[in-house]
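Try each one yourself before you read its solution.

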Amino acid sequence: MDKTLVIGSTGNVGREVVDRLVAAGAAPRALSRRQGVPDEGVGRVPGGAEAVVGDLHDPAMLEAALTGVRSVFLVWPFLTAEHAPAVLDAIGRHARRVVYVSSSGVDRTAERQTDPIRQLHADMEALVEKSGPEWTVLRADTFASNARGWAAQIRAGDVVRGPDAAPTAVIDERDIAAVAVRALTEDGHGGATYVLTGPQVLSRAEQVRAIGDAVGRPLRFEAVPPDIARERMLADGRPPALVDALLAGAEARPASELVTTTVEDITGAPARTFARWAADRADVFR
């Protein structure tokens, strides 16, 4: 049976992709760096999937994982595309289709992107498009799951402190996954670049208030200067390169009113609101 390999299978979006593939009767193969060990601190390989070991730093390890694979879901977990050509070469030798999760902020007409993370996604898009398999790019807006990073502060008090950023149409990771599964399992999505957003543009303060409604107590957001935010993020154990990239992205993000209907156009169901995401994830913050 043809299989779908999910790279990033234990991340917030990847887990949802695996769950939906299992529910659809597909045959997902979930890649992780070490058998039975969580990737990115999110969780173990979802039930119903075939767990396989592979390291994106060592494309030779991917050969066994890719055997019999027809489609690949790809989330790139690094801050550079250094190892991507070799990984995509390996994918191209086996798969007929690849679906890559990118950023809604990418502007491929620009010579350079506005921040390191968008530049990475632009570089990856270009590599994916010339890698051989039929490709689909999912340019997703801000992930609702990013708000999980506030959980410790919310459990400890009523104020979330962090760097501010321009409002965006925050998207539920379940909606990204739903579109991804369509692109992985259906014909007609090859060569498409889909911009995926939630139904409502929200500031970080509005997101925090929505979480407060979900947990039943008032919460507020307090913006802190980038240098203070950097100190706190480093104290939390985040790598300096990641901290710098995240802060650069927050500072460079322009104001946007972009809201698309792509989720509903492809899946038939409207994109979930952030309020619904918060209600469904309330236990994370209690």
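**Exercise 1.** Check how far helix α1 reaches, then find its buried residues and what covers them.

Solution. Keep in mind that this is a predicted model. Start with the span: α1 takes in residues 12-23, 12 residues, and runs 17 Å from its first C-alpha to its last. That's close to the 16 Å expected at 1.5 Å a residue. Next, pick out the buried residues, which are Val13, Gly14, Glu16, Val17, Val18 and Leu21. Now look at what lies over them: the cover includes strands β1 (3-7), β2 (28-32) and β4 (69-74), along with helix α6 (173-185). Finally, step just past the helix, where Gly25 has a positive phi of about 80°.

**Exercise 2.** Describe how helices α8 and α9 pack against each other.

Solution. Begin with the axes of α8 (residues 226-235) and α9 (residues 240-252): they come within 10 Å and cross at roughly 145°. The crossing is right-handed. Now list who meets whom: from α8 come Pro226, Ala229, Arg230, Met233 and Leu234, and from α9 come Pro240, Val243, Asp244, Leu246, Leu247 and Glu251. Sort these contact residues by type and you get 8 nonpolar, 3 charged and no polar.

Technical notes: Residues are numbered from 1 along each chain as its sequence is written. This is a predicted model: local features need pLDDT of at least 70, side-chain atom pairs count only at pLDDT 80 or more; totals for chains, interfaces and linings use all residues. Side-chain values use heavy atoms; hydrogens and water are left out. Helices (H or I, at least four residues) and strands (E, at least two) are DSSP runs, numbered from the N terminus. The expected span of a helix is 1.5 Å times one less than its number of residues. Buried means under 20% relative accessible area, exposed over 50%, partly exposed in between (1.4 Å probe, protein chains only). Contact means heavy atoms within 4.5 Å. Axes are lines fitted to C-alpha atoms, for helices over the stretch in contact, and angles run from 0 to 180 degrees between N-to-C directions. A crossing is left-handed if the near helix is turned anticlockwise from the far one by less than a right angle, and right-handed if clockwise. Ala, Val, Leu, Ile, Met, Phe, Trp, Tyr, Cys and Pro count as nonpolar, Asp, Glu, Lys and Arg as charged, and the others, Gly among them, as polar.
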